[in-house]
There are 2 protein chains.
Amino acid sequence: MAEQISETLGSREVVQVGIVVRDVEKTARAFADLFGVEAPQWRMTGPQEETHIRYRGQPTSARAKLAFFRYGPVAIELIEPVGGPSTWQEFLDTKGEGVHHIAFMIQDMDAQVAMLERKGMPAVQRGDYKGGCYSYIDSAPQLGVILELLEHFT
Amino acid sequence: MAEQISETLGSREVVQVGIVVRDVEKTARAFADLFGVEAPQWRMTGPQEETHIRYRGQPTSARAKLAFFRYGPVAIELIEPVGGPSTWQEFLDTKGEGVHHIAFMIQDMDAQVAMLERKGMPAVQRGDYKGGCYSYIDSAPQLGVILELLEHFT
(Lines give C-alpha, C1' and ligand atoms only; values in the text may rest on other atoms or scores of the structure.)
Protein backbone atom coordinates (compact mmCIF):
# COMPACT_ATOMS: atom_id res chain seq x y z
CA MET A 1 0.00 0.00 0.00
CA ALA A 2 2.81 2.39 0.88
CA GLU A 3 4.42 1.56 -2.42
CA GLN A 4 1.22 2.34 -4.28
CA ILE A 5 0.95 5.72 -2.59
CA SER A 6 4.53 6.62 -3.39
CA GLU A 7 3.83 6.16 -7.10
CA THR A 8 1.06 8.75 -7.17
CA LEU A 9 0.96 12.49 -6.80
CA GLY A 10 0.33 13.63 -3.23
CA SER A 11 -2.60 15.80 -4.26
CA ARG A 12 -5.32 15.89 -6.92
CA GLU A 13 -6.36 19.46 -6.24
CA VAL A 14 -5.21 22.25 -8.53
CA VAL A 15 -4.19 25.21 -6.35
CA GLN A 16 -2.76 27.57 -8.96
CA VAL A 17 -2.93 28.36 -12.66
CA GLY A 18 0.25 30.03 -13.92
CA ILE A 19 0.05 32.22 -17.02
CA VAL A 20 3.22 33.39 -18.77
CA VAL A 21 2.83 36.89 -20.20
CA ARG A 22 5.01 39.51 -21.87
CA ASP A 23 3.98 42.43 -19.65
CA VAL A 24 2.81 41.51 -16.17
CA GLU A 25 1.60 45.03 -15.35
CA LYS A 26 -0.56 45.25 -18.45
CA THR A 27 -2.12 41.82 -17.98
CA ALA A 28 -2.65 42.40 -14.25
CA ARG A 29 -4.52 45.61 -15.09
CA ALA A 30 -6.73 43.76 -17.58
CA PHE A 31 -7.63 41.02 -15.06
CA ALA A 32 -8.19 43.62 -12.33
CA ASP A 33 -10.51 45.60 -14.58
CA LEU A 34 -12.48 42.45 -15.35
CA PHE A 35 -12.70 41.40 -11.70
CA GLY A 36 -13.50 44.91 -10.46
CA VAL A 37 -10.53 44.98 -8.10
CA GLU A 38 -7.31 46.92 -7.77
CA ALA A 39 -4.42 45.59 -9.80
CA PRO A 40 -2.04 43.66 -7.56
CA GLN A 41 1.53 44.89 -7.27
CA TRP A 42 3.97 42.57 -9.02
CA ARG A 43 7.07 41.39 -7.22
CA MET A 44 10.34 40.06 -8.55
CA THR A 45 11.51 36.57 -7.64
CA GLY A 46 14.69 36.57 -5.56
CA PRO A 47 18.22 36.38 -6.94
CA GLN A 48 19.91 33.06 -7.60
CA GLU A 49 21.71 33.12 -4.23
CA GLU A 50 18.33 33.09 -2.51
CA THR A 51 16.23 30.94 -4.82
CA HIS A 52 18.92 28.44 -5.90
CA ILE A 53 17.03 28.28 -9.16
CA ARG A 54 18.23 25.58 -11.55
CA TYR A 55 16.96 25.16 -15.09
CA ARG A 56 17.70 21.88 -16.87
CA GLY A 57 20.18 21.00 -14.16
CA GLN A 58 22.19 24.22 -14.31
CA PRO A 59 22.04 27.36 -12.18
CA THR A 60 20.46 30.22 -14.12
CA SER A 61 20.21 33.95 -13.63
CA ALA A 62 16.56 33.84 -14.69
CA ARG A 63 14.03 35.68 -12.56
CA ALA A 64 10.39 36.58 -13.07
CA LYS A 65 7.94 39.32 -12.23
CA LEU A 66 4.95 37.71 -10.50
CA ALA A 67 1.46 39.01 -9.79
CA PHE A 68 -1.27 37.02 -8.06
CA PHE A 69 -5.05 37.06 -8.02
CA ARG A 70 -6.18 35.01 -5.04
CA TYR A 71 -9.95 34.65 -5.15
CA GLY A 72 -11.46 31.37 -4.19
CA PRO A 73 -9.35 28.25 -3.79
CA VAL A 74 -7.27 28.66 -6.94
CA ALA A 75 -4.75 31.45 -7.48
CA ILE A 76 -4.12 32.97 -10.89
CA GLU A 77 -0.39 33.66 -11.16
CA LEU A 78 0.90 35.98 -13.87
CA ILE A 79 4.55 35.44 -14.76
CA GLU A 80 6.76 37.74 -16.83
CA PRO A 81 10.13 36.07 -17.45
CA VAL A 82 13.21 38.21 -16.89
CA GLY A 83 16.88 37.52 -17.51
CA GLY A 84 18.39 34.14 -18.28
CA PRO A 85 16.99 30.84 -19.53
CA SER A 86 13.99 29.38 -17.72
CA THR A 87 10.95 27.23 -18.36
CA TRP A 88 8.94 30.47 -18.40
CA GLN A 89 11.07 32.05 -21.13
CA GLU A 90 11.16 28.78 -23.08
CA PHE A 91 7.36 28.61 -23.01
CA LEU A 92 7.01 32.24 -24.12
CA ASP A 93 9.50 31.73 -26.95
CA THR A 94 7.90 28.54 -28.26
CA LYS A 95 4.19 28.91 -27.43
CA GLY A 96 3.66 32.60 -26.82
CA GLU A 97 1.57 33.88 -23.93
CA GLY A 98 -0.56 31.24 -22.28
CA VAL A 99 -1.10 28.94 -19.33
CA HIS A 100 2.33 27.61 -18.45
CA HIS A 101 1.41 25.27 -15.60
CA ILE A 102 -1.11 24.00 -13.12
CA ALA A 103 0.17 23.63 -9.55
CA PHE A 104 -0.38 21.08 -6.81
CA MET A 105 0.66 21.35 -3.17
CA ILE A 106 2.63 18.28 -2.13
CA GLN A 107 4.94 16.98 0.57
CA ASP A 108 8.35 15.33 0.26
CA MET A 109 9.47 17.09 -2.92
CA ASP A 110 12.46 14.86 -3.62
CA ALA A 111 10.37 11.67 -3.48
CA GLN A 112 7.66 13.16 -5.69
CA VAL A 113 10.18 14.43 -8.24
CA ALA A 114 11.85 10.99 -8.31
CA MET A 115 8.44 9.31 -8.78
CA LEU A 116 7.60 11.59 -11.70
CA GLU A 117 10.99 10.98 -13.25
CA ARG A 118 10.29 7.22 -13.09
CA LYS A 119 7.11 7.94 -15.07
CA GLY A 120 9.16 9.74 -17.73
CA MET A 121 8.38 13.23 -16.46
CA PRO A 122 11.61 14.89 -15.33
CA ALA A 123 11.88 18.12 -13.38
CA VAL A 124 12.87 20.92 -15.73
CA GLN A 125 13.29 23.70 -13.17
CA ARG A 126 13.56 23.84 -9.40
CA GLY A 127 13.97 26.59 -6.88
CA ASP A 128 13.21 27.90 -3.43
CA TYR A 129 11.04 30.77 -2.29
CA LYS A 130 10.48 32.23 1.14
CA GLY A 131 8.88 29.41 3.10
CA GLY A 132 8.92 26.74 0.45
CA CYS A 133 10.22 25.25 -2.74
CA TYR A 134 8.89 24.41 -6.20
CA SER A 135 9.60 22.08 -9.10
CA TYR A 136 8.31 22.36 -12.63
CA ILE A 137 7.77 18.98 -14.26
CA ASP A 138 8.17 18.41 -17.99
CA SER A 139 4.88 16.52 -18.18
CA ALA A 140 3.54 18.20 -21.31
CA PRO A 141 4.10 15.15 -23.57
CA GLN A 142 2.01 12.94 -21.25
CA LEU A 143 -0.45 15.38 -19.65
CA GLY A 144 -0.63 18.23 -22.15
CA VAL A 145 0.55 20.64 -19.47
CA ILE A 146 3.54 21.36 -17.24
CA LEU A 147 2.95 20.54 -13.58
CA GLU A 148 4.27 22.65 -10.77
CA LEU A 149 4.81 20.98 -7.42
CA LEU A 150 4.77 23.31 -4.43
CA GLU A 151 5.95 22.37 -0.96
CA HIS A 152 5.70 24.60 2.07
CA PHE A 153 8.44 24.12 4.61
CA THR A 154 6.96 23.36 8.00
CA MET B 1 -23.42 50.95 -8.72
CA ALA B 2 -25.45 48.58 -10.89
CA GLU B 3 -23.59 49.96 -13.89
CA GLN B 4 -20.23 49.27 -12.21
CA ILE B 5 -21.22 45.68 -11.47
CA SER B 6 -22.34 45.08 -15.03
CA GLU B 7 -18.87 45.99 -16.28
CA THR B 8 -17.14 43.23 -14.32
CA LEU B 9 -17.14 39.48 -14.51
CA GLY B 10 -19.75 37.85 -12.25
CA SER B 11 -17.13 35.63 -10.60
CA ARG B 12 -13.44 35.71 -9.71
CA GLU B 13 -13.19 32.00 -8.94
CA VAL B 14 -11.69 29.61 -11.48
CA VAL B 15 -13.86 26.47 -11.56
CA GLN B 16 -12.26 24.58 -14.44
CA VAL B 17 -9.02 24.27 -16.34
CA GLY B 18 -9.55 23.01 -19.89
CA ILE B 19 -6.69 21.21 -21.64
CA VAL B 20 -6.83 20.50 -25.38
CA VAL B 21 -5.17 17.19 -26.25
CA ARG B 22 -4.77 14.98 -29.30
CA ASP B 23 -5.88 11.72 -27.63
CA VAL B 24 -8.24 12.09 -24.69
CA GLU B 25 -8.02 8.43 -23.69
CA LYS B 26 -4.24 8.45 -23.54
CA THR B 27 -4.04 11.68 -21.55
CA ALA B 28 -6.85 10.60 -19.22
CA ARG B 29 -4.92 7.39 -18.50
CA ALA B 30 -1.76 9.38 -17.70
CA PHE B 31 -3.59 11.70 -15.28
CA ALA B 32 -5.41 8.75 -13.70
CA ASP B 33 -2.12 6.90 -13.19
CA LEU B 34 -0.64 9.99 -11.55
CA PHE B 35 -3.66 10.54 -9.30
CA GLY B 36 -4.02 6.86 -8.42
CA VAL B 37 -7.60 6.70 -9.67
CA GLU B 38 -9.47 4.95 -12.46
CA ALA B 39 -9.41 6.73 -15.79
CA PRO B 40 -12.72 8.51 -16.35
CA GLN B 41 -14.79 7.53 -19.38
CA TRP B 42 -14.79 10.23 -22.04
CA ARG B 43 -18.05 11.38 -23.54
CA MET B 44 -18.78 13.08 -26.84
CA THR B 45 -20.42 16.49 -26.89
CA GLY B 46 -23.88 16.45 -28.47
CA PRO B 47 -24.62 17.07 -32.13
CA GLN B 48 -25.21 20.57 -33.48
CA GLU B 49 -29.03 20.20 -33.22
CA GLU B 50 -28.64 19.77 -29.47
CA THR B 51 -25.73 22.04 -28.64
CA HIS B 52 -26.44 24.85 -31.16
CA ILE B 53 -22.70 25.28 -31.26
CA ARG B 54 -21.52 28.35 -33.17
CA TYR B 55 -17.90 29.14 -33.94
CA ARG B 56 -17.02 32.65 -35.06
CA GLY B 57 -20.71 33.35 -35.60
CA GLN B 58 -21.45 30.32 -37.78
CA PRO B 59 -22.92 26.93 -36.93
CA THR B 60 -20.24 24.25 -37.00
CA SER B 61 -20.26 20.48 -37.01
CA ALA B 62 -17.40 20.46 -34.49
CA ARG B 63 -17.70 18.19 -31.47
CA ALA B 64 -15.26 17.10 -28.80
CA LYS B 65 -14.45 14.11 -26.66
CA LEU B 66 -14.42 15.28 -23.02
CA ALA B 67 -13.04 13.66 -19.88
CA PHE B 68 -13.17 15.22 -16.42
CA PHE B 69 -11.17 14.91 -13.22
CA ARG B 70 -13.20 16.47 -10.45
CA TYR B 71 -11.12 16.58 -7.29
CA GLY B 72 -11.36 19.60 -5.10
CA PRO B 73 -13.03 22.78 -6.26
CA VAL B 74 -11.47 22.92 -9.73
CA ALA B 75 -12.17 20.42 -12.49
CA ILE B 76 -9.54 19.39 -14.99
CA GLU B 77 -11.28 19.00 -18.37
CA LEU B 78 -9.52 17.14 -21.17
CA ILE B 79 -10.77 18.04 -24.65
CA GLU B 80 -10.07 16.19 -27.88
CA PRO B 81 -11.48 18.16 -30.82
CA VAL B 82 -13.45 16.17 -33.39
CA GLY B 83 -14.95 17.20 -36.73
CA GLY B 84 -15.37 20.76 -37.98
CA PRO B 85 -13.78 24.07 -37.02
CA SER B 86 -13.80 25.08 -33.36
CA THR B 87 -11.77 27.08 -30.87
CA TRP B 88 -10.43 23.73 -29.61
CA GLN B 89 -9.16 22.68 -33.06
CA GLU B 90 -7.81 26.16 -33.73
CA PHE B 91 -5.84 26.04 -30.48
CA LEU B 92 -4.47 22.58 -31.23
CA ASP B 93 -3.46 23.62 -34.75
CA THR B 94 -1.73 26.84 -33.69
CA LYS B 95 -0.40 26.10 -30.18
CA GLY B 96 -0.36 22.32 -29.90
CA GLU B 97 -1.58 20.55 -26.78
CA GLY B 98 -2.02 22.79 -23.78
CA VAL B 99 -4.35 24.66 -21.47
CA HIS B 100 -7.03 26.10 -23.73
CA HIS B 101 -9.10 27.99 -21.16
CA ILE B 102 -9.92 28.75 -17.56
CA ALA B 103 -13.62 28.76 -16.71
CA PHE B 104 -15.82 30.89 -14.48
CA MET B 105 -19.42 30.23 -13.47
CA ILE B 106 -21.55 33.27 -14.19
CA GLN B 107 -25.16 34.36 -14.54
CA ASP B 108 -26.84 36.30 -17.37
CA MET B 109 -24.65 35.02 -20.20
CA ASP B 110 -25.83 37.54 -22.80
CA ALA B 111 -25.04 40.52 -20.56
CA GLN B 112 -21.62 39.13 -19.63
CA VAL B 113 -20.75 38.39 -23.26
CA ALA B 114 -21.82 41.90 -24.26
CA MET B 115 -19.73 43.39 -21.43
CA LEU B 116 -16.66 41.46 -22.54
CA GLU B 117 -17.23 42.50 -26.14
CA ARG B 118 -17.25 46.13 -24.99
CA LYS B 119 -13.85 45.47 -23.46
CA GLY B 120 -12.58 44.18 -26.81
CA MET B 121 -12.97 40.50 -25.92
CA PRO B 122 -15.55 38.95 -28.26
CA ALA B 123 -17.11 35.51 -27.86
CA VAL B 124 -15.45 33.11 -30.29
CA GLN B 125 -17.63 30.07 -29.65
CA ARG B 126 -20.94 29.47 -27.91
CA GLY B 127 -23.09 26.46 -27.29
CA ASP B 128 -25.50 24.64 -25.00
CA TYR B 129 -25.05 21.53 -22.94
CA LYS B 130 -27.54 19.60 -20.85
CA GLY B 131 -28.54 22.01 -18.10
CA GLY B 132 -26.51 24.99 -19.19
CA CYS B 133 -24.63 26.98 -21.77
CA TYR B 134 -21.09 28.17 -22.38
CA SER B 135 -19.19 30.89 -24.20
CA TYR B 136 -15.50 30.98 -25.02
CA ILE B 137 -14.09 34.49 -24.99
CA ASP B 138 -11.21 35.56 -27.20
CA SER B 139 -9.41 37.22 -24.30
CA ALA B 140 -5.95 35.88 -25.04
CA PRO B 141 -4.56 39.22 -26.33
CA GLN B 142 -5.53 40.97 -23.07
CA LEU B 143 -5.39 38.17 -20.46
CA GLY B 144 -2.99 35.66 -21.99
CA VAL B 145 -5.70 33.01 -21.88
CA ILE B 146 -9.13 32.22 -23.30
CA LEU B 147 -11.96 32.53 -20.77
CA GLU B 148 -14.88 30.17 -20.67
CA LEU B 149 -18.10 31.41 -19.15
CA LEU B 150 -20.43 28.72 -17.83
CA GLU B 151 -24.05 29.30 -16.87
CA HIS B 152 -26.29 26.69 -15.35
CA PHE B 153 -29.95 27.03 -16.26
CA THR B 154 -32.07 27.24 -13.12
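Helices (H or I, at least four residues) and strands (E, at least two) are DSSP runs, numbered from the N terminus. By that scheme, His100(B) belongs to strand S7 of chain B, residues 98-105. This is a predicted model, in which local features need pLDDT of at least 70 and side-chain atom pairs count only at pLDDT 80 or more, while totals for chains, interfaces and linings use all residues. Residues are numbered from 1 along each chain as its sequence is written, chains are lettered from A and ligands numbered from 1 in the order in which they are written, and side-chain values use heavy atoms, with hydrogens and water left out.

**His100(B)**
- His100(B) has 1% relative accessibility and therefore counts as buried (under 20% relative accessible area, against over 50% for exposed and partly exposed in between; 1.4 Å probe, protein chains only).
- Its side chain makes a polar contact of 2.9 Å with the side chain of Thr87(B), and another of 2.9 Å joins His100(B) to the side chain of His101(B).
- A polar contact is a pair of N or O atoms within 3.5 Å; within protein, one must be able to donate a hydrogen and the other to accept it, and residues adjacent in sequence count only if both atoms are side-chain atoms.
- Beyond four places in sequence, the residues in contact with His100(B) (heavy atoms within 4.5 Å) include Ile19(B), Val20(B), Trp88(B), Phe91(B), Tyr136(B) and Ile146(B).

**Strand S7(B) and its partners**
- Seven of the eight residues of S7(B) are buried, so the strand is largely enclosed by the rest of the structure.
- Strand S1 of chain B (residues 14-20) pairs with S7(B) in the antiparallel sense over six bridges (two strands pair if DSSP finds at least two bridges between them).
- Val20(B) has Gly98(B) as its bridge partner in S7(B).
- With strand S10 of chain B (residues 146-152), S7(B) pairs in the parallel sense over five bridges.
- Glu148(B) in S10(B) is the bridge partner of Ala103(B).

**Helix H4(B)**
- In helix H4 of chain B (residues 87-95), Thr87(B), Trp88(B), Phe91(B) and Leu92(B) are buried.
- These residues cover an arc of only 140° around the axis (taken from the directions from the helix axis to the C-beta atoms), which puts them on the same side of H4(B).
- Asp93(B) and Thr94(B), on the other side of H4(B), are exposed.

- The same surface serves both copies, as 100% of the contact residues of chain B recur in chain A.
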